[in-house]
Amino acid sequence: MRVTNLANGRGDLDDLFQRLLGDNRSPLWPPGGYEVPTEVFQTGDRIVVRMDLPGVDPDDVEVTIQESTLVINGKREFPHKADDIRFVRRGTFYGDFAQRVSLGKGLNTDQIGARFDNGVLELSIPYAPEVQ
C-alpha cells in the first residue's frame, strides 16, 4: 500500500473526465458503478477512515492526499476467468475503484497511519497540534 501527499488536484480533473466519458474495457463492472463502503469518524485527537475491501490485495491500493482530499484508488481482481462464466446474480464489485474523502483543515496529513486487516483498510489522520 502506498501513501503519498500530492500538491495539486490535476489527477482529480483527469479522474472526473474519465468517469464522465467512461471506459468500457472492463466487462466485470462498469466505471463509476460501485462506491466502496466507507466510514469516516472523529476520535479525540484524529479522523479515522475505514473502508471495506474484502478480497483486495493491499499492494493494489494507493492512498494519496491532494490538497484537502483523501483519495483511495485500488483494484479488486476477479478470481475466475471471466470468459468462462455467466452471472446469475451480481452484487460484488471487481475492477478499479476510487474513493474520495474531504478532510477539511487542521489535520496533520504528514502523520497519516494506515492498517489493512481482514479486508478492512483503516486510515488514521491526527489533528495538527494547534487544533488539539
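These legends describe a set of close-up views of one predicted protein model.

The model is predicted, so local features need pLDDT of at least 70, side-chain atom pairs count only at pLDDT 80 or more, and totals for chains, interfaces and linings use all residues. Residues are numbered from 1 along each chain as its sequence is written, and side-chain values use heavy atoms, with hydrogens and water left out.

**View 1**
Helices (H or I, at least four residues) and strands (E, at least two) are DSSP runs, numbered from the N terminus. Read from the N terminus, the order is β-α-β-β-β-β-β-β-β. The chain has 132 residues, and 30% of them are buried. Buried means under 20% relative accessible area, exposed means over 50%, and partly exposed lies in between (1.4 Å probe, protein chains only). The accessible surface comes to about 8,700 Å². Carbon and sulfur atoms account for 45% of that surface. These areas come from the Shrake-Rupley method with a 1.4 Å probe; for residues, only the protein chains shown count as cover. Now look at contacts, meaning heavy atoms within 4.5 Å. Take those between residues at least 6 apart in sequence: 60% of them join residues at least 24 apart.

**View 2. The hairpin of S2 and S3.**
Strand S2 covers residues 38-42, and strand S3 covers residues 46-52. The two run antiparallel and are joined by five bridges. Two strands pair if DSSP finds at least two bridges between them. Three residues carry the chain from S2 to S3. Find Glu39, then cross to S3: its bridge partner there is Arg50.

**View 3. Salt bridges: Arg50 with Glu39, and two other pairs.**
A salt bridge is a side-chain nitrogen of Lys or Arg within 4 Å of a carboxyl oxygen of Asp or Glu. Side chains of opposite charge can pair when their charged atoms come close. The whole structure holds four salt bridges. In one of them, the side chains of Arg50 and Glu39 meet at 3.8 Å, N to O. Arg50 sits in strand S3 and Glu39 in strand S2, so this pair ties together parts that are 11 residues apart in sequence. Arg50 is partly exposed at 26% relative accessible area. Glu39 is partly exposed too, at 47%. Glu122 joins Glu39 and Arg50 in a network of salt bridges.
Next, find Asp45 and Arg46. Their closest N and O atoms are 3.3 Å apart. Asp45 is partly exposed at 31%, and Arg46 is partly exposed at 26%. In a further pair, Glu77 and Lys75, the closest N and O atoms are 3.7 Å apart. Glu77 is partly exposed at 49%, and Lys75 is partly exposed at 34%.

**View 4. The largest nonpolar core, with 21 residues.**
A nonpolar core is a set of buried Ala, Val, Leu, Ile, Met, Phe, Trp, Tyr and Cys residues joined through side-chain atoms within 4.5 Å. Which residues touch the most other members? They are Leu53, Val63, Leu70, Ile72, Leu121 and Leu123. At least two residues of this core come from each of S3, strand S4 (61-66), S5, strand S6 (95-102) and strand S8 (120-126). In soluble globular proteins, nonpolar side chains tend to be buried together. Start at Leu53. Beyond its neighbours within four places in sequence, Leu53 contacts Val36, Val61, Phe93, Phe97, Phe116, Gly119 and Leu121.

**View 5. Arg76, a buried residue in strand S5.**
Strand S5 covers residues 69-76. Is Arg76 buried or exposed? Arg76 counts as buried because its relative accessibility is 13%. Leaving out residues up to four places away in sequence, Arg76 touches Pro54, Gly55, Val56, Thr92, Phe93, Tyr94, Gly95 and Phe97. Look closely at Pro54. Its backbone oxygen lies 3.1 Å from a polar atom of the Arg76 side chain.

**View 6. Gln99, a buried residue in strand S6.**
Gln99 has a relative accessible area of 8%, so this residue is buried. A polar contact of 3.4 Å joins its side chain to that of Thr38. A polar contact is a pair of N or O atoms within 3.5 Å; within protein, one must be able to donate a hydrogen and the other to accept it, and residues adjacent in sequence count only if both atoms are side-chain atoms. Besides Thr38, Gln99 touches Glu35, Val36, Met51, Leu70, Val71 and Ile72, not counting residues up to four places away in sequence.
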